[in-house]
Amino acid sequence: MLKEQEMFLNFFIERTQPEHAQQAKELLVQSFANQATQAFTKGDLEQLQQQLLPLVKPEMVAEVTAAMNHFKGQLG
């Protein structure tokens, strides 16, 4: 896992509902593995976002969405 990925994982887990932390970690780790072996598109990120956002603490959704949208803007 790249340093930036680990930083995002920690950022995300801190903002995840505790009962969903393991599920969120598994989704993100799988996503990072996929990024390392294939092209990662905006569509892939949007699908991941749909899976992850329901796991986030309600008061943190806007912050997490902004971070994911920032990353989406960097994808080609």
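Helices α2 and α3 are roughly antiparallel to each other (angles over 145 degrees count as such). Their axes lie 10 Å apart and pack at an angle of about 170°. Axes here are lines fitted to C-alpha atoms, for helices over the stretch in contact, and angles run from 0 to 180 degrees between N-to-C directions. Helices are DSSP runs (H or I, at least four residues), numbered from the N terminus. The structure is a predicted model, in which local features need pLDDT of at least 70, side-chain atom pairs count only at pLDDT 80 or more, and totals for chains, interfaces and linings use all residues. Residues are numbered from 1 along each chain as its sequence is written, and side-chain values use heavy atoms, with hydrogens and water left out.

Ala24, Leu27, Leu28 and Ser31 of α2 meet Leu48, Gln51 and Leu52 of α3. Contact means heavy atoms within 4.5 Å. By class, this contact of α2 with α3 has 5 nonpolar, 2 polar and no charged residues. Ala, Val, Leu, Ile, Met, Phe, Trp, Tyr, Cys and Pro count as nonpolar, Asp, Glu, Lys and Arg as charged, and the others, Gly among them, as polar.

Helix α2 covers residues 21-37, 17 residues in length. Ala24, Leu28, Ser31 and Phe32 of α2 are buried, that is, under 20% relative accessible area with a 1.4 Å probe and protein chains only. Seen down the axis of α2, these buried residues fall within an arc of 100°, so they line one face of the helix. The arc is that of the directions from the helix axis to the C-beta atoms. On the other side of α2, Gln22, Ala36 and Thr37 are exposed (over 50%). The cover over the buried residues of α2 includes α1 (3-14) and α3.

Gln5 sits in helix α1. Gln5 counts as buried, at 13% relative accessibility. Beyond its neighbours within four places in sequence, Gln5 is in contact with Phe32 and Gln35.

Helix α3 (residues 42-52) also meets helix α4 (residues 61-74): their axes come within 10 Å and cross at roughly 170°. The α3 side of the contact consists of Lys42, Leu45, Glu46, Gln49 and Leu52, and the α4 side of Thr65, Met68, Asn69, Phe71 and Lys72. By class, this contact has 4 nonpolar, 3 polar and 3 charged residues. Gln49 is buried, with a relative accessible area of 8%.

Notes. Helices (H or I, at least four residues) and strands (E, at least two) are DSSP runs, numbered from the N terminus. The expected span of a helix is 1.5 Å times one less than its number of residues. Angles under 35 degrees count as roughly parallel, over 145 as roughly antiparallel, 65 to 115 as roughly perpendicular and the rest as oblique.
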